[in-house]
Amino acid sequence: MPRERGEKVVATNRRARHDYTIEDTYEAGIVLTGTEVKSLREGRASLVDGYAFIDGGEMWLDAVHIPEYTEGTWNNHAPRRKRKLLLHKQEIIKISHRTAQGGYTLIPLKIYFSDGRAKVELAVAKGKREYDKRQALREKQDKREADRAMASRRHMGE
C-alpha cells in the first residue's frame, strides 16, 4: 500500500475566525485510538465547541466531537474525550506564556491528515466583542457591494 501524500482536511472551525481574533497558529499531532482515526478518515468530526489547554506541561484538546466509528465494536471510543496533543516542549512553554497574559485562549482551527498523520491546527486567539463582530460583518458586506458595483461597471463598458 503506498503511503499517503499531501494534506486532506477533515474538519474546519469556520466560526472561530468570526468569534476570535487569531494571533498565532501552531500545528500539533493528536494521540488517537484506532476507531477515532477510522472515523476521521471518513471525514467526520466537529470542532465547534473545541478548545485546548495546558495541564502539567502537556497540551490537551477537549470537547472536539469525533463520532463513534460505525463499523466499530464494543471497544469504540468516547466521542468527546480529552485527547493529548503532541508539541515540542519549547512550543508548549511559549504558548503557556501567551495564554497566561489573559484574554487569550487556544482553539482548534482545523483537523487534517498530513502525509497520513492526523494533525490539528491550533490558534492562540483573543475573543472578539459583539461590536467588533458587527464591524467585521459590515466591512465584509461593503467590500462585496463595492466588488459587485465594479463588476457591473466593467460589463456596462463592453
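How many of the five residues of strand E4 (residues 58-62) are buried? I looked this up and got four, so E4 is largely enclosed by the rest of the structure. Buried here means under 20% relative accessible area, exposed means over 50%, and partly exposed lies in between (1.4 Å probe, protein chains only). Helices (H or I, at least four residues) and strands (E, at least two) are DSSP runs, numbered from the N terminus.

**Ground rules**

I am working on a predicted model, where local features need pLDDT of at least 70 and side-chain atom pairs count only at pLDDT 80 or more, while totals for chains, interfaces and linings use all residues. Residues are numbered from 1 along each chain as its sequence is written, and side-chain values use heavy atoms, with hydrogens and water left out.

**Partners of E4**

I checked both pairings of E4. Two strands pair if DSSP finds at least two bridges between them. Strand E3 (residues 51-55) runs antiparallel to E4, with five bridges. Strand E5 (residues 83-86) is also antiparallel to E4, with three bridges.

I then followed Trp60. In E5, Trp60 has Lys84 as its bridge partner. Lys82 lies over the face of the Trp60 ring, 4.7 Å from the ring centre. For such a charge I required NZ of Lys or CZ of Arg within 6 Å of the ring centre and within 35 degrees of the ring normal. I noted another case at Tyr112, where Lys110 lies over the ring face at 5.0 Å from the centre.

The E3-E4 turn came next. The two strands form a hairpin with two residues between them. Gly56 sits in that turn and has a positive phi of about 65 degrees.

**Arg83**

**Aromatic rings**

I searched the whole structure and found one aromatic pair. Tyr51 and Phe53 form this pair, which is tilted, at 6.0 Å centre to centre and 35 degrees between the planes. The rule: rings of Phe, Tyr and Trp (its six-membered ring) pair if their centres lie within 6.5 Å; planes under 30 degrees apart are stacked, over 60 edge-to-face, and the rest tilted. Tyr51 is partly exposed at 34%. Phe53 is partly exposed at 24%.

**Helix H2 and what follows**

Which residues of helix H2 (residues 34-41) are buried? I listed Thr35, Glu36, Ser39 and Leu40. Down the helix axis, the buried residues fall within an arc of 140 degrees, so they line one face of H2. The arc is taken from the directions from the helix axis to the C-beta atoms. Their cover includes strand E1 (7-12), E5 and strand E6 (104-114). Contact means heavy atoms within 4.5 Å.

After H2 comes Gly43, with a positive phi near 80 degrees. Arg44 lies in the loop between H2 and E3. Arg44 is partly exposed, at 28% relative accessibility. Leaving out residues up to four places away in sequence, Arg44 touches Val10, Ser39, Ile66, Pro67, Glu68 and Thr70.

**Ile95**

I moved to helix H3 (residues 89-100), which holds Ile95. Ile95 is buried, with a relative accessible area of 0%. Not counting residues up to four places away in sequence, its contacts are Tyr26, Ile54, Met59, Leu87, Leu106 and Val124. Thr70 is 25 residues from Ile95 in sequence, and their C-alpha atoms are 36 Å apart.

Most residues other than glycine have a negative phi. Ala63 lies in the loop between E4 and E5 and is buried at 16%. Asp115 also has a positive phi, near 50 degrees. I place Asp115 in the loop between E6 and strand E7 (117-127). Asp115 is partly exposed, at 30% relative accessibility.
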